[in-house]
Amino acid sequence: MRVPPIQSAIHVIHEEHDLLQAIIHGMLHLVHDIANGKPVPDLKIFRAMLFYIKEYPDKVHHPKENRYLFALLRKRSNQLDATIAELESQHIQGDSLVAEMEHALARYELSGTPTFRQFHDMVERYAAFYRNHMRIEENEILPAAMKILTPDDWSVINDAFSSNTDPRGDAGQKPELQKLFSLIVNIAPPPVGVGPAVS
């Protein structure tokens, strides 16, 4: 079914949130399995997931929210200024949390079990942080945007988000992200991906 033009950027934002949530859910599932005594998967899967977060949401999704959606909302109304400022701050904080997860993963790779809990807790912290971030955007920002922004505003926002690439591998999308998403799906054990189950 065709999405109405005014909603096309919102559709993209929801899809991108869903994809990131799938990656985060996969990380949680894997760290929970390790915590419950299941064999440790190839840690390359965590590296791929963290790389995905850095390359797609942090470099594509968040900058466009800041530059287009948030900027135009500020132009039309000041009622969301505090919420937008908090979300922009969270975009920066999210980058820091990803860096902390990378460091915790490196320590786990080098030192093993004694440092696993720190990595586990960082994944839990990031998951909770990002769930809250997406909740604010989807429950507060997007409904307000539908009421406040003009058709001309939506034309600008839709154009910006229509150039985003879908890493699931649809035709015409950016090859590097297709390969990255496929790598995650193919090396992660079920039910996260379709890779070989860890026995």
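Reader: How many aromatic pairs does the count come to?
Author: Keep in mind that this is a predicted model. Rings of Phe, Tyr and Trp pair if their centres lie within 6.5 Å. By this rule, the number of aromatic pairs is six.

Reader: What kind of aromatic pair do F46 and F119 form?
Author: Their ring centres sit 5.1 Å apart, with 85° between the planes. Planes over 60 degrees apart get their own label, so F46 and F119 count as edge-to-face.

Reader: How many residues apart are F46 and F119?
Author: This pair links distant parts of the chain. F46 belongs to helix α2 and F119 to helix α5, and the separation is 73 residues.

Reader: Is F119 buried or exposed?
Author: Buried means under 20% relative accessible area. F119 has 0% relative accessibility, so F119 counts as buried.

Reader: Y108 and F119 pair too, so what is that pair called?
Author: Here the centres are 6.3 Å apart and the planes make an angle of 15°. Planes under 30 degrees apart fall in one class, so the Y108 and F119 pair is stacked.

Reader: Which residues form one aromatic cluster?
Author: Y108 in helix α4 and F119 in helix α5 are paired across eleven residues. Both belong to a cluster whose members are F46, Y108, F116 and F119.

Reader: How far apart are the end C-alpha atoms of helix α4?
Author: Helix α4 runs over residues 81-111, which is 31 residues. At 1.5 Å a residue it should span 45 Å, and the model agrees, because its end C-alpha atoms are apart by 45 Å.

Note on methods. Residues are numbered from 1 along each chain as its sequence is written. This is a predicted model: local features need pLDDT of at least 70, side-chain atom pairs count only at pLDDT 80 or more; totals for chains, interfaces and linings use all residues. Side-chain values use heavy atoms; hydrogens and water are left out. Helices (H or I, at least four residues) and strands (E, at least two) are DSSP runs, numbered from the N terminus. The expected span of a helix is 1.5 Å times one less than its number of residues. Buried means under 20% relative accessible area, exposed over 50%, partly exposed in between (1.4 Å probe, protein chains only).
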